[in-house]
Amino acid sequence: MKKMAIIHTSFVSVNDLAALCKEILPGVTVVNIVDDSLLPEVREHGGLTANVTRRICAYAVEAQQMGCDAILNQCSSVGEAVDVAQGLLCIPYRKVDGPMAEQAAAIGGRIAVIATVPTTLGPSCRLVEQAAARLNTKAEVVPVYVDGAFDVLLKQGADAHNAMLIERVRQEAVRASCVVLAQGSMLCLAPLLTDMPVPVFTCPRLGVTQMKAVLGL
């Protein structure tokens with residue numbers, strides 16, 4: 001039986017990812033490692049700190065010691081710490097938003113990257129830009145920050161969060177070739193955006209699906 005760890009920086013996406021793993025990776029044992037002090041520290045400092053990177057690396061090494069066959073990183077804001085941690089491991093450590101960035105980059109053109117946590121914008125935009133460079137596609141990556149929506153999600157729930165975001169996504173879809181919802185916490189928006197004129201990408205389903213191949217399933 002395969003075992004996979006998911007490293008989280010909040011509890012927001014734990015249930016959504018658990019449901020996707022049950023659907024897409026049946027039979028795989030999933031271990032959740034949650035440190036909800038990581039994201040507040042990143043937000044306070046405006047980006048990754050050496051301490052956050054150290055802890056991400058420590059959790060990844062511990063997951064390997066637990067006998068996990070692979071690791072999935074849940075939080076886009078700490079995605080660049082994964083690049084450091086990978087050098088310490090003998091098992092794969094993948095970013096949940098990696099496949100989403102690849103699909104958006106393949107389309108190219110004006111790519112709107114929407115986030116509700118400001119520290120997500122830089123890493124997510126760079127991830128799409130790096131994917132575009134690998135694919136040799138021309139892409140203009142446009143960061144879009146919806147201030148306050150993540151805190152509304154935590155305090156008031158998905159309905160209030162979605163109300164803040166839907167109109168902004170529609171505005172960006174009119175002038176973009178595709179829209180990227182940068183965070184896993186934005187998955188709750190997906191069912192409300194099926195009528196968009198351009199593709200709207202969310203990362204959790206694509207991120208979990210990539211693990212089938214990673215785990216050799």
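Trainee: What hand does the crossing of α5 and α6 have, left-handed or right-handed?
Mentor: Right-handed (near helix turned clockwise from the far one by less than a right angle). Helices here are DSSP H or I runs of at least four residues, numbered from the N terminus. This is a predicted model, with local features needing pLDDT of at least 70 and side-chain atom pairs pLDDT 80 or more, while totals for chains, interfaces and linings use all residues. Residues count from 1 along each chain as its sequence is written, and side-chain values use heavy atoms, without hydrogens or water.

Trainee: Which residues of α5 and α6 make the contact?
Mentor: From α5, Gly 98, Ala 101, Glu 102, Ala 105 and Ala 106. From α6, Leu 127, Val 128, Ala 131, Ala 132, Arg 134 and Leu 135. Contact is heavy atoms within 4.5 Å.

Trainee: How do those residues of α5 and α6 divide by class?
Mentor: 8 nonpolar, 1 polar and 2 charged. Nonpolar is Ala, Val, Leu, Ile, Met, Phe, Trp, Tyr, Cys and Pro; charged is Asp, Glu, Lys and Arg; the others, Gly among them, are polar.

Trainee: And at what angle do the axes of α5 and α6 cross?
Mentor: Roughly 55°, and the axes come within 8 Å. Axes are fitted to C-alpha atoms over the stretch in contact, with N-to-C angles from 0 to 180 degrees.

Trainee: New topic. How do α1 and α9 pack?
Mentor: Residues 14–24 (α1) and 203–214 (α9) pack at about 40°, axes 10 Å apart. That makes α1 oblique to α9. Their crossing is right-handed.

Trainee: Which residues meet there, in α1 and α9?
Mentor: Leu 17, Leu 20, Cys 21, Glu 23 and Ile 24 of α1 meet Pro 204, Arg 205, Val 208, Thr 209 and Lys 212 of α9. The α1 and α9 contact has 6 nonpolar, 1 polar and 3 charged residues.

Note on methods. Helices (H or I, at least four residues) and strands (E, at least two) are DSSP runs, numbered from the N terminus. Angles under 35 degrees count as roughly parallel, over 145 as roughly antiparallel, 65 to 115 as roughly perpendicular and the rest as oblique.
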